[in-house]
Amino acid sequence: MAVALALAAGAVLGLGGLGLLVAAPWCIPVTVAGAGISAALLVLTFNRWWLIGLGINAAIIVLALQQTG
C-alpha cells in the first residue's frame, strides 16, 4: 500500500508541477491533491523524522491555496 501511495503521490505532484510550468488552470487542485496523498503516506508510515515532510506538504498546500485567492 505504501508503494502505491508513493507512486501516486509522485505522479500527481509531477503532473501538478507540469501544469504549473504550462500555466494550466487545473494545476492548483492537482498539486493540493498530490500533497495530500504524500501527507497521508507520511502519516501511515509515521516516525518523527517525517515531521519535516509533513511541514513541506503543509507549505505546498498553503502556498497553492494562496494562489487561488
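**Reading helices in a predicted model**

Author: Start with helix H3, residues 51-66, in this predicted model. At 1.5 Å a residue, its 16 residues should span 22 Å. The end C-alpha atoms of H3 are 22 Å apart, so expectation and model agree.

Reader: Which residues of H3 are buried?

Author: Gly53, Asn57 and Ala64 are buried in H3. Seen down the axis of H3, the buried residues fall within an arc of 40°, so they line one face of the helix.

Reader: Why do residues some places apart point the same way in a helix?

Author: The general idea is simple. An α-helix has 3.6 residues a turn, so residues three or four places apart point the same way.

Reader: Which residues are exposed on the other side of H3?

Author: Leu51, Ile52 and Gln66 are exposed there.

Reader: What do the buried residues of H3 pack against?

Author: They pack against helix H2, residues 27-44.

Reader: How are two packed helices described?

Author: In general, by the angle between their axes and the distance between the axes. Now take H1 and H2. Their axes come within 8 Å and cross at roughly 155°. An angle over 145 degrees counts as roughly antiparallel, so H1 is roughly antiparallel to H2. The crossing of H1 and H2 is left-handed.

Reader: Which residues make the contact between H1 and H2?

Author: On the H1 side, they include Ala2, Leu5, Ala6, Ala9 and Gly16. On the H2 side, Val30, Gly34, Ile37 and Leu41 are among them.

Reader: Let me follow Leu41. Is Leu41 buried or exposed?

Author: Leu41 is in helix H2. Its relative accessibility is 15%. Buried means under 20%, so Leu41 counts as buried.

Reader: Which residues is Leu41 in contact with, leaving aside its neighbours within four places in sequence?

Author: Ala2, Leu5 and Ala6. Leu41 and Ala9 are 32 residues apart in sequence, and their C-alpha atoms are 8.4 Å apart in space.

Reader: Is Ala23 buried or exposed?

Author: Use the cut-off again. Exposed means over 50% relative accessible area. Ala23 has 64% relative accessibility, so it counts as exposed.

Notes: Residues are numbered from 1 along each chain as its sequence is written. This is a predicted model: local features need pLDDT of at least 70, side-chain atom pairs count only at pLDDT 80 or more; totals for chains, interfaces and linings use all residues. Side-chain values use heavy atoms; hydrogens and water are left out. Helices (H or I, at least four residues) and strands (E, at least two) are DSSP runs, numbered from the N terminus. The expected span of a helix is 1.5 Å times one less than its number of residues. Buried means under 20% relative accessible area, exposed over 50%, partly exposed in between (1.4 Å probe, protein chains only). The arc is that of the directions from the helix axis to the C-beta atoms. Contact means heavy atoms within 4.5 Å. Axes are lines fitted to C-alpha atoms, for helices over the stretch in contact, and angles run from 0 to 180 degrees between N-to-C directions. Angles under 35 degrees count as roughly parallel, over 145 as roughly antiparallel, 65 to 115 as roughly perpendicular and the rest as oblique. A crossing is left-handed if the near helix is turned anticlockwise from the far one by less than a right angle, and right-handed if clockwise.
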